[in-house]
Amino acid sequence: MSIFGNSIFGNKATEPPATEPPAGTGVAGNGVEKTDAQWREELTPEEYHVLREAGTERPYTGEYWDTHTAGVYQCRACGADLFTSNEKFDSHCGWPSFWAPLAEGNVRYIHDRTLGMDRVEVRCATCDSHLGHVFEGEGYGTPTDQRYCINSISIRLVSTEDPQVNGPERES
């Protein structure tokens with residue numbers, strides 16, 4: 001069964017599809033609202049291109065495509081918690097892949113028909129930044145049979161691995 005409950009993945013629609021917020025506002029209804037100028041000031045040109053213009057980084061070039069560090073992946077634009085390392089898996093596609101978000105309310109979905117494709121775009125529910133796309137039915141051995149294909153530049157890993165702590169220095 002699809003998490004979407006709509007026709008994007010072939011199931012009967014239960015609610016109207018998500019719509020775009022007004023251009024430049026960067027808000028999905030419950031979070032961060034900034035002007036285009038503010039986003040440009042806060043983000044690098046590469047981050048802006050992916051997060052605000054729905055660009056895509058080249059495969060196998062991002063910081064997290066092959067990372068196995070335990071932690072929480074946050075939105076690089078607003079810091080919202082989006083995914084955890086518990087749901088991350090090796091899909092060998094060149095981008096970080098997750099089989100589910102941290103919580104459904106943390107991301108939102110848009111039916112994406114750009115570039116002649118029929119896909120589901122994944123955005124941060126807090127600031128409406130583009131994260132990547134989600135695909136279903138590709139045969140990965142995951143609990144959801146879904147692959148959230150996320151741009152590394154859209155997220156930031158906050159490690160939960162215990163740092164090495166040295167004991168107090170002793171005087172000789």
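Which residue in E8 is the bridge partner of Phe98? The partner is Tyr148, and the pairing to which this bridge belongs is described below together with the rest of the sheet. The structure is a predicted model, in which local features need pLDDT of at least 70 and side-chain atom pairs count only at pLDDT 80 or more, whereas totals for chains, interfaces and linings use all residues. Residues are numbered from 1 along each chain as its sequence is written, and side-chain values use heavy atoms, with hydrogens and water left out.

Helices (H or I, at least four residues) and strands (E, at least two residues) are taken as DSSP runs and numbered from the N terminus; two strands are regarded as paired if DSSP finds at least two bridges between them. On this basis, an open sheet is formed by six strands in the order E3-E4-E8-E7-E6-E5, with antiparallel pairing. Its edges are strand E3 (88-89) and strand E5 (107-112), each of which pairs on one side only.

Strand E8 comprises residues 146-150. Strand E4 (residues 97-98) is joined to E8 in the antiparallel sense by two bridges. E7 and E8 also run antiparallel and are connected by five bridges; in this pairing, Gly132 has Ile150 of E8 as its bridge partner. Burial was assigned with a 1.4 Å probe on protein chains only, as a relative accessible area under 20%, with exposed denoting over 50% and partly exposed the range in between. Five of the five residues of E8 are buried, so the strand is largely enclosed by the rest of the structure. In a regular strand the side chains alternate between the two faces of the sheet. Both faces of E8 are covered, with Gln146, Tyr148 and Ile150 buried on one side and Arg147 and Cys149 on the other.

Arg108 lies in E5 and stands opposite Arg123 in E6. Arg108 is buried, with a relative accessible area of 14%. Its side chain makes a polar contact with the side chain of Asp128 at 2.8 Å. A polar contact is a pair of N or O atoms within 3.5 Å; within protein, one must be able to donate a hydrogen and the other to accept it, and residues adjacent in sequence count only if both atoms are side-chain atoms.

Helix H2 (residues 45-53) contains the buried residues Glu47, Tyr48, Val50 and Leu51. These buried residues pack against helix H1 (36-42) and strand E7 (130-136), contact being defined by heavy atoms within 4.5 Å. Ala54, which follows H2, has a positive phi near 60°.
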